[in-house]
Amino acid sequence: MTPEMFDLAIVGAGPAGLAAAQEAARAGARVALIDDNPRPGGQIWRQGPQAALADPLRHWLADTATRPNLTRLSSTKVAAVSGDKRLLLEQQTASLEIAWSKLILATGARERLLPFEGWTLPGVTGAGGLQALIKSGMPVRGQRVVVAGSGPLLLAAADTARRHGAEVLAVIEQARFGRIARFVASLAVTPAKLAQAMALGTAGYRTGGVVVKAHGRERVEAVTIRTGSRERVIEADRIACGYGLVPNTTLAQALGCAFADTAALCVDDTQRTSLDAVFAAGECTGIGGMELARVEGLIAARAALGLAIDMRLVRERRRWRAFAGRVERAFELGAAARTPPSADTLICRCEDVRFGDVAAHANWRDAKLQTRCGMGACQGRICGEAAAVYFGWERPMTRPPFAPVRIDTLMAELDEGAVD
């Protein structure tokens, strides 16, 4: 397989990746923009039959999408690192390999899901998962929805559900009222975020509560919420429960990049990782929101191409990193959210492994070997994060292929001996 060569490869077409692609394409570089979604925008600007086109995305499509030096590889998975500065990719009907001089990781984040009794019932999703499903066309009109977990995403998910006809019965935040009140007061220094929060609305918003059980026979029928020592049951058709976001760093792990204690990628002032030719921007370097992701993408692109970095971008990045720090402190998981579920609750949905079976082991490796926890299609992305929260275990490494791929994709690389 002969790889196609690019000056700059960008993995991820959310705000960070789009900003980087625009900057690099304007500079005349030959750019590959790789994303596993069929259309650009990432999770925040996800396109779909029930999603209006966001203004920043509309401007990007008009300015950048058709530039001849930009190759858009949509609906494309990164299957493996196939050699020095090479990536093995899979599209719907073909596999291909690309080579790059510089690489920008803009792989974003994924939702943190913490198991509770009944969380595998149909009708239970993450908060961000519900939002993505609605934007992709799933009908929710007339359905009773409870949104729970932690972070600003809860209000955004509830707002999306309401605008598409759902009855949002409650929004349950695990953080205590005092922390949320201090965070809201701090929004005065970022008026745009304050206006955004006010526009979403806070109807049904409650603090200091967690989901402990989903009830139902064939699908969700009700949910139990615990606040302190009190419990209440709410009849509902859907539960959207997510405890914030975690950096999506699968490809960075495979490349050998260095990480911080927070599981985020380490970058320097130019967004360069510990590898000289690899840069990173957006939520894979820490959860910070689309404004921070965008400015990091611009800085990463300029640095990767050897261009000067405007100090205005540096100041803007500093401002939004400060905001990200306030979000992190406000929504840090409390004791109730970190309380393990019952021993019979599934922790690994792929392999049907129960929490008690995993808890009997000393570390992730032993649990995986003895129970098959983390050996399914997601390779521990969900259960491994839950184990890190409950036990403090090191998060699991993902092996190539990073996602299920066709046999012909693997055979193309096996012929060259690059994938084990």
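## Basis of the description

Because the model is predicted, local features need pLDDT of at least 70 and side-chain atom pairs count only at pLDDT 80 or more, whereas totals for chains, interfaces and linings use all residues. Residues are numbered from 1 along each chain as its sequence is written, and side-chain values use heavy atoms, with hydrogens and water left out.

Leaving aside neighbours within four places in sequence, Cys-373 is in contact (heavy atoms within 4.5 Å) with residues including Ile-347, Val-358, Trp-364 and Ala-367. Leu-155, which lies in helix 4 (residues 153-163), counts as buried at 15% relative accessibility; buried means under 20% relative accessible area, exposed over 50% and partly exposed in between, with a 1.4 Å probe and protein chains only. Not counting residues up to four places away in sequence, Leu-155 touches Val-171, Leu-200, Gly-201, Thr-202 and Tyr-205, and the C-alpha atoms of Leu-155 and Leu-200 are separated by 6.3 Å although the two residues are 45 residues apart along the chain.

## Helix 11 and its two sides

In helix 11, which covers residues 364-371, Trp-364, Ala-367 and Thr-371 are buried. Seen down the helix axis, the buried residues fall within an arc of 65°, so they line one face of helix 11; the arc is that of the directions from the helix axis to the C-beta atoms. These buried residues pack against strand 19 (353-354), helix 10 (355-359) and helix 12, while on the other side of helix 11 Arg-365, Leu-369 and Gln-370 are exposed.

Just after helix 11, Arg-372 takes a positive phi of about 70°. Arg-372 lies in the loop between helix 11 and helix 12 and is partly exposed, with a relative accessible area of 41%.

## Aromatic pairs

The structure holds 6 aromatic pairs, where rings of Phe, Tyr and Trp (its six-membered ring) pair if their centres lie within 6.5 Å, and planes under 30 degrees apart count as stacked, over 60 as edge-to-face and the rest as tilted. The rings of Trp-320 and Phe-323 have their centres 5.7 Å apart and their planes at 85°, so the pair is edge-to-face. Trp-320 and Phe-323 both lie in helix 9 (residues 311-330), 3 residues apart, which is about one turn of the helix, and both are buried.

The rings of Phe-391 and Trp-393 have their centres 4.6 Å apart and their planes at 35°, so this pair is tilted. Phe-391 counts as partly exposed at 28% relative accessibility, whereas Trp-393 is buried, with a relative accessible area of 11%.

## Backbone features in loops

Most residues other than glycine have a negative phi, and most peptide bonds are trans. Gln-271 has a positive phi, near 70°, and lies in the loop between helix 7 (250-255) and strand 17 (278-280). A cis peptide bond, with omega of about -5°, joins Pro-400 and Pro-401.

Methods. Helix = DSSP H or I, 4+ residues; strand = E, 2+ residues; numbered from the N terminus.
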